[in-house]
Amino acid sequence: MSETIRVLFLDRDGTINEDTGSYIAENHQLKIIPGAAEAMALARAAGFRIVVVTNQAGIARGIATVEQVEEVNRYLNELLSAHEAAYDSCYYCPSHPLYPHPEYDRYKDCRKPATGMVDRAIADFRSGGYEVDRSASFFVGDKMVDVECGMAASLRPILVRTGHNEEEVCREHGIVPEFIADDLYQAVTSHILA
Ligand SMILES: [Mg+2]
């Protein structure tokens, strides 16, 4: 008998940490958005598992290495842990359709808006004896691809106005998230846990 869990899927850059406008390859470039760690701590305390889902095509483009991305992800969790806000797991997609790479092209189905990373996270939870209730789980991100990924994965999509703030882009494309929040803190406190 498996246990049913709710998951808060989070984009990384522009949602948890400031989007610097280029790929984050070094720990010192990582700056957590005000309130983001507090929001994650509240969600955890309410029973949500937290999974980070991030496109990191800088790897296929040769701008960042796998080691750098994994180190930044590890450091991010170190910072979050100090706020009782650690994530449970983090999935990153190294590939990019415009930058073919023999080693990373097999991961093409993972690049958001595709749902490969979400599906893998859910399969990994299942292997551990946990069944994810998609209809009670959320996907929060700052870009239209995050909203599209959440929708395609049958999660509840939320757009945040931090980072790239693609509210206008979503509107132009008729992509309608369930909720639009100023930031992750408002998404969690005014909607997810409200
Ligand atoms: Mg983002």
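Analyst: In this predicted model, strand β3, residues 49-55, pairs with β4 in the parallel sense, and the pairing runs over five bridges. Within this pairing, Asn55 stands opposite Cys93 of β4. The two strands belong to an open sheet of six strands, whose order is β4-β3-β2-β6-β7-β8 and whose pairing is parallel. At the edges are β4 and β8 (179-181), each of which pairs on one side only. From one strand to the next, the twist averages 20 degrees.

Two helices may be considered next. Helix α3 lies across β2, β3, β4 and β6, and runs at about 150 degrees to β3. Helix α4 also packs on the sheet, where it touches β6 and β7; its direction makes about 170 degrees with that of β6.

The magnesium ion has three protein donors, namely Asp11 (OD), Asp13 (O) and Asp142 (OD), which lie 2.1 to 2.2 Å from the ion. Along the sequence, these donor residues follow the spacing D-x1-D-x128-D. Asp13 is in the loop between β2 (7-10) and α1 (36-45), while Asp142 is in the loop between β6 (138-141) and α4 (144-152); the pair therefore ties together parts that are 129 residues apart in sequence. Are these two residues buried or exposed? Asp13 has a relative accessible area of 14%, and it is buried because this value is under 20%. Asp142 is likewise buried, with a relative accessible area of 1%.

Other loops contain particular features of the backbone. Between β4 (89-93) and α3 (116-127) there is a loop that holds Pro113. The peptide bond that leads from Lys112 to Pro113 is cis, with omega near 20 degrees.

Ser154 is placed in the loop between α4 and β7 (156-160). Its phi is near 60 degrees, which is a positive value in a residue other than glycine. Ser154 counts as partly exposed, at 48% relative accessibility.

Further along, the loop between β7 and α5 (167-173) contains Asn165. Asn165 is not a glycine, yet its phi is positive, at about 40 degrees. With a relative accessible area of 30%, Asn165 is partly exposed.

Methods
Residues numbered from 1 in each chain as written. Predicted model: local features only at pLDDT ≥ 70, side-chain atom pairs only at ≥ 80, totals over all residues. Heavy atoms only, no water. Donors = N, O, S within 2.8 Å, 3.2 Å for Na, K, Ca; no water. Helix = DSSP H or I, 4+ residues; strand = E, 2+ residues; numbered from the N terminus. Buried < 20%, exposed > 50% of the residue type's maximum accessible area, 1.4 Å probe, protein only. Pairing = 2+ DSSP bridges. Axes fitted to C-alpha atoms, helices over the stretch in contact; angles between N-to-C directions. Contact = heavy atoms within 4.5 Å.
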